[in-house]
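Hi,

Here is the structure I promised to pass on. Have a look at it first, and then read on for what turned up.

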Amino acid sequence: MTRLALSSATCLSILLAGCGDEPAASRYGANPTLPTQQRGLLPSMKIADPAGWGKDRPTVPRGYAITAIATGLKVPRQTLVLPNGDILVAEGKGGADAPKLRPKDFIAGIIKAKGTTSVKGGDRLTLLRDADRDGVYEGRTVFAENLNAPYGLALVDGALYVANQDALVRFAYRDGQTRADGPPEKVTDLPAAINHHWTKSLTASPDGRFLYVGIGSNSNITERGMAAEVDRAMIWQVDAATGAHRPFATGVRNPTALTIRPGTDQLWAVANERDELGPDLVPDYLTSIRDGGFYGWPYSYWGQTVDPRVRPQKPDMVARAIRPDYALGAHVAALGVAFSGAAMGGRFGDGVFVGEHGSWNRDAPSGYKVVFVPFRGGRPAGQPIDFATGFMGADGKTRGRPVGVTLDPRGALIIADDLSNTVWRVTPPRDAG
């Protein structure tokens, strides 16, 4: 038997699934062009070598300013702006060391690890404070620690909810508090076996009665078997008082960020779609979420486009699949979503900001930026607009990777960067809005 030993460089040289250019305009929006499926021994894999920011910083539109308000964090993922203007940062790195089912899983793991921070996750919440509101967050305290890969955050009626990778928990919170009074109270367990997709996204209904938790699949396309996918690839609706929960929407492969459109009770999500069908499939997406809706995974994508790899096929489920509202492009790894407001100014006043962590499985990388999706009449309309770029430089080095995005009601966008372990703050021109 011939022994196969592949370095990561060798792996990159034998890619059989094809390469690809940055997705064309037809890859975005409500009616993207879906190319022919490509399948091979390995997907395209390329992720740039991390490098420090030095004197550089992300590029934002003319007139806007970006500042690093916190550095040296321990894998910042999502943020929450509290009523008094303090910012909570969830720091953590989750997942389990699950057995690699195929050689390609082992190889992909090596490639992906090269583009992530070497810092150990903090398993904590850090509070940032700008006491004199001059844009400099001089106060920094650990609000809570000894958590388990915290990710999603929500504040409802004096209760701070945190979605750990294994449980939804809550702390009592009073305005201006800088540290939790004690350990959290468990609201409900969350699916945590294997945790191939470990992030648990979170938002609250406008009346505070319900919490919505995004739970990713335990595989790319059910290669671990359907038993591993029980309660996965779905969004739960959780009763905030009792912890009782039910599936609110299913078939969402990895709902990485959730939010409610202001002035409504409509839930929106960004989701990461499946891999290994080529560099331009399948588009990650932004979509409104319907109660009881099924969004295709694993049987189909972008509505009724069948994935032939799934066994057994289920045409009845494909027929039910809802087509998402807006394609963000393939493999951009959308991990953050936040509705804008008039304070952000000009063309950025009505729409959604999306944090794109960036691809590992395209020869020509995609994502690695924050984009703005304009809305008209309450719906996405038009091409995405680059808002914060330069996380991957022209030299091919990766200086940062955006995750959560949060709107500060004072008029700023907060961006968590989990590669440089920085929180950025983008402010609009003084005359914006």
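What share of the contacts in the protein chain with a separation of 6 or more comes from residues 24 or more positions apart? That share is 62%, where a contact is heavy atoms within 4.5 Å.

Before the rest, a word on the ground rules. This is a predicted model, in which local features need pLDDT of at least 70 and side-chain atom pairs count only at pLDDT 80 or more, while totals for chains, interfaces and linings use all residues. Residues are numbered from 1 along each chain as its sequence is written, and side-chain values use heavy atoms, with hydrogens and water left out.

**Overview**

The protein chain has three helices and 28 strands; both are DSSP runs numbered from the N terminus, helices being H or I of at least four residues and strands E of at least two. Of its 433 residues, 59% count as buried. For that label, buried is under 20% relative accessible area, exposed is over 50% and partly exposed is in between, with a 1.4 Å probe and protein chains only. The chain exposes about 17600 Å², and carbon and sulfur atoms supply 50% of that; the areas come from the Shrake-Rupley method with a 1.4 Å probe, and for residues only the protein chains shown count as cover.

Between β11 and β12 (234-239), the loop holds Val230. Val230 counts as exposed because its relative accessibility is 55%. Its C-alpha atom is 9.1 Å from that of Asn218, which is 12 residues away along the chain.

Neither is a glycine, yet Ile194 has a positive phi of about 65° and Asn195 one of about 60°. As for accessibility, Ile194 counts as partly exposed because it comes out at 30%, whereas Asn195 counts as buried because its value is 3%.

**Cores and rings**

The largest nonpolar core has 23 residues, and those with the most contacts inside it are Phe348, Phe353, Val370, Phe387, Leu413, Ile415 and Val426. A nonpolar core here is a set of buried Ala, Val, Leu, Ile, Met, Phe, Trp, Tyr and Cys residues joined through side-chain atoms within 4.5 Å. β23 (369-376), β25 (385-388), β27 (412-417) and β28 (422-427) each supply at least two of its residues, and β25 gives the most, with three. Apart from this core lies another, of 21 residues, including Tyr212, Phe248, Leu267 and Ala271.

Leaving out residues up to four places away in sequence, Phe348 touches Pro61, Tyr64, Ser340, Gly341, Phe353, Phe372, Ile385 and Phe387. Ring pairs also tie Tyr64, Phe348, Phe353, Phe372 and Phe387 into a cluster.

On ring pairs, the rule takes rings of Phe, Tyr and Trp (its six-membered ring) with centres within 6.5 Å; planes under 30 degrees apart are stacked, over 60 edge-to-face and the rest tilted. The count comes to 17 aromatic pairs. One of them is Tyr285 with Trp302, edge-to-face at 6.4 Å centre to centre and 70° between the planes. Tyr285 sits in β16 (residues 283-288) and Trp302 in the loop between β18 (300-301) and β19 (305-306), 17 residues apart. Both are buried.

**Cis prolines and a buried Asp**

The peptide bond from Trp297 to Pro298 is cis, with omega near 0°, and Pro298 is in the loop between β17 and β18. Another cis bond joins Arg311 and Pro312, with omega about -5°; Pro312 is in the loop between β19 and α3 (315-320).

Finally, look at Asp418, in the loop between β27 and β28. Asp418 counts as buried because its relative accessibility is 5%. Its side chain makes a polar contact with the side chain of Arg77 at 2.3 Å. Such a contact is a pair of N or O atoms within 3.5 Å; within protein, one must be able to donate a hydrogen and the other to accept it, and residues adjacent in sequence count only if both atoms are side-chain atoms.

Cheers
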